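Visitor: I'd like to learn how to read a structure I have never seen before. Could you walk me through it, feature by feature?

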Amino acid sequence: MPHILWSLVLTLHIAGMAVWVGGATYAVAILRPSLSLLDKAQRSAVHLLTLKRFLRVIWHIMPIVLITGWLMIIHEGGFAVIPWTTNAMQVLGLIMAGLFLRVFYGPYQKARRAIRPQPQTFDSIRSLMLGVVACGVLAILCASIGHGL
């Protein structure tokens, strides 16, 4: 494949990670604390609407990030020859995907179906999102470490 095509694959990968990790960081560090200014009903409504939009975006971004990562691994010679940092990024990406699926099919669905979602449900979403943020930051660290390998 021409060099420009691989640059586009890398761009998709990095942009997807930026949205995924950045969105999770925003949800945990900025949105959630700001919602405390609203009354309980408004807080739940805004939180659910924001989560709905964010999770819908991640449904599209997650496979793009995983597939572009695997394409770059294949381009670099395959799974047997990549540095440990790339394997670490792959594992962290799969953990992030698992955490996303856990949020989506677990507490998010519970909150979405509830007449009055409980704060504990949003707390569990926040905890899982913190895991996404931590894995994303570690993946970025691995990318930085592995850059010169």
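Predicted model: local features only at pLDDT ≥ 70, side-chain atom pairs only at ≥ 80, totals over all residues.

Visitor: Which residues line the largest cavity?

Guide: The lining is made up of Ala27, Val28, Arg32, His47, Leu51, Phe122, Ile125, Arg126 and Met129. The space inside comes to about 50 Å³.

Visitor: And how many cavities of 30 Å³ or more does the structure hold?

Guide: Two.

Visitor: Let me pick one lining residue, then. What does Arg32 touch, if I skip residues up to four places away in sequence?

Guide: Arg32 sits in helix H1. With those close neighbours skipped, Arg32 touches Ala27, His47, Pro119, Phe122, Asp123 and Arg126. Take Pro119 from that list: Arg32 and Pro119 are 87 residues apart along the chain, yet 11 Å separates their C-alpha atoms.

Visitor: Now the overall layout. How many helices and strands are there?

Guide: Four helices and zero strands. Read from the N terminus on, the order is α-α-α-α. For the extent, picture a box along the principal axes: the C-alpha atoms fill one of roughly 55 × 25 × 25 Å.

Visitor: How do I tell whether a residue counts as buried or exposed? Say, Thr68.

Guide: You check the relative accessible area: under 20% is buried, and over 50% is exposed. Thr68 has 5% relative accessibility, so it counts as buried. Thr68 belongs to helix H2, and apart from neighbours within four places in sequence, its contacts are Val9, Leu12 and His13.

Visitor: Can we try a residue from another helix? Where does Ala97 lie?

Guide: Ala97 lies in helix H3 (residues 84-113). Its relative accessible area is 7%, so Ala97 is buried as well. Setting aside neighbours within four places in sequence, Ala97 is in contact with Trp20, Met62 and Leu66. For a sense of distance, Ala97 and Leu138 are 41 residues apart in sequence, and their C-alpha atoms are 14 Å apart in space.

Visitor: What share of the residues in the protein is buried?

Guide: Of the 149 residues, 40% are buried.

Visitor: Which residues make the nonpolar surface patch?

Guide: Ile67, Trp70, Leu71, Ile74, Phe79 and Leu94 make it, and it covers about 550 Å². Helix H2 (residues 40-75) supplies the largest share, four residues.

Visitor: Is Ile74 buried or exposed?

Guide: Use the cut-off again. Ile74 has a relative accessible area of 54%, which is over 50%, so it is exposed. Ile74 is found in helix H2, the helix that also holds the buried Thr68.

How values were computed
Residues numbered from 1 in each chain as written. Heavy atoms only, no water. Helix = DSSP H or I, 4+ residues; strand = E, 2+ residues; numbered from the N terminus. Buried < 20%, exposed > 50% of the residue type's maximum accessible area, 1.4 Å probe, protein only. Patch = residues over 30% accessible without salt bridge, like charges linked within 9 Å, V, L, I, M, F, W, Y side chains within 5 Å. Areas by Shrake-Rupley, 256 points an atom, 1.4 Å probe, with all protein chains shown as cover. Salt bridge = Lys/Arg side-chain N within 4 Å of Asp/Glu carboxyl O. 1 Å grid on protein atoms, 1.4 Å probe; cavity = no way out; pocket = protein on both sides within 12 Å on 5 of 7 lines; lining within 4 Å. Points joined across faces, edges and corners; volume = space filled by probe spheres on them. Contact = heavy atoms within 4.5 Å.
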